[in-house]
Amino acid sequence: MSDPSTLPATNHTTLRVVWQEPEGAALPCNQFAVTLGLPTQDGVPEAVYLTVGSVEPPLLFGTEEDMREQLERTGGELMVKPLGRYVLTRGRIDELIKVLQSAAQTFDQAKGGVK
């Protein structure tokens, strides 16, 4: 994946970005919500707020009638478990899009080009 490995700094010095190993298991996410931040004096949103979450299908068991009753008890709603919330500037959104597009291309190539 493309990832800038150095950042410009003052006095013609560069800083190398080094990722730490994440702690814990990777969490599956399948829900995404985006909200624009408050507008600045120019009327442009300050940033974008991205919330990543996960929702699982309900565990249903028993007869068809049992499962129907279990579904009715949900009130027709599945709760999304928020996994993280992030604030992105417009520039960071572009970086994220590029990284995700690169990951999608790599994924498609690994599958033999099939989407």
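Strands S3 and S4 (residues 48-54) pair in the antiparallel sense over 6 bridges. Pairing here requires that DSSP find at least two bridges between two strands. Strands (E, at least two residues) and helices (H or I, at least four) are DSSP runs, numbered from the N terminus. The model is predicted, so local features need pLDDT of at least 70 and side-chain atom pairs count only at pLDDT 80 or more, while totals for chains, interfaces and linings use all residues. Residues are numbered from 1 along each chain as its sequence is written, and side-chain values use heavy atoms, with hydrogens and water left out.

Together, 3 strands form an open sheet in the order S3-S4-S5, with antiparallel pairing. Strand S3 (31-36) and strand S5 (81-88) stand at the edges. Each has a single partner strand, so one side of each is left without a neighbour in the sheet. Neighbouring strands of this sheet are turned by 20° against each other on average, direction ignored. Strands of a sheet pair through backbone hydrogen bonds, either parallel or antiparallel.

Helix H2 (residues 90-110) lies across S4 and S5. H2 runs at about 120° to S5. Axes are lines fitted to C-alpha atoms, for helices over the stretch in contact, and angles run from 0 to 180 degrees between N-to-C directions. Contact means heavy atoms within 4.5 Å.

Salt bridges were counted where a side-chain nitrogen of Lys or Arg lies within 4 Å of a carboxyl oxygen of Asp or Glu. By this rule the count is 3. Side chains of opposite charge can pair when their charged atoms come close.

Helix H2 holds the pair Arg90 and Asp94. Their closest N and O atoms are 2.6 Å apart in the salt bridge. The two residues are 4 apart in H2, a separation of about one helical turn. Arg90 is exposed, with a relative accessible area of 55%. Asp94 is partly exposed, at 34%. Arg92 and Glu95 form another salt bridge, with an N to O distance of 2.9 Å. These residues lie 3 apart in H2, again about one helical turn. Arg92 is partly exposed, at 47% relative accessibility. Glu95 is also partly exposed, at 36%.

Helix H1 (residues 64-73) contains both Arg68 and Glu65, 3 residues apart, about one turn of the helix. Arg68 and Glu65 form a salt bridge, the closest N and O atoms being 2.7 Å apart. Arg68 is partly exposed, with a relative accessible area of 40%. Glu65 is partly exposed as well, at 41%. Gln70 is also found in helix H1. Gln70, however, counts as buried, at 14% relative accessibility. Not counting residues up to four places away in sequence, Gln70 touches Leu59, Leu60 and Phe61.

Conventions
Buried < 20%, exposed > 50% of the residue type's maximum accessible area, 1.4 Å probe, protein only.
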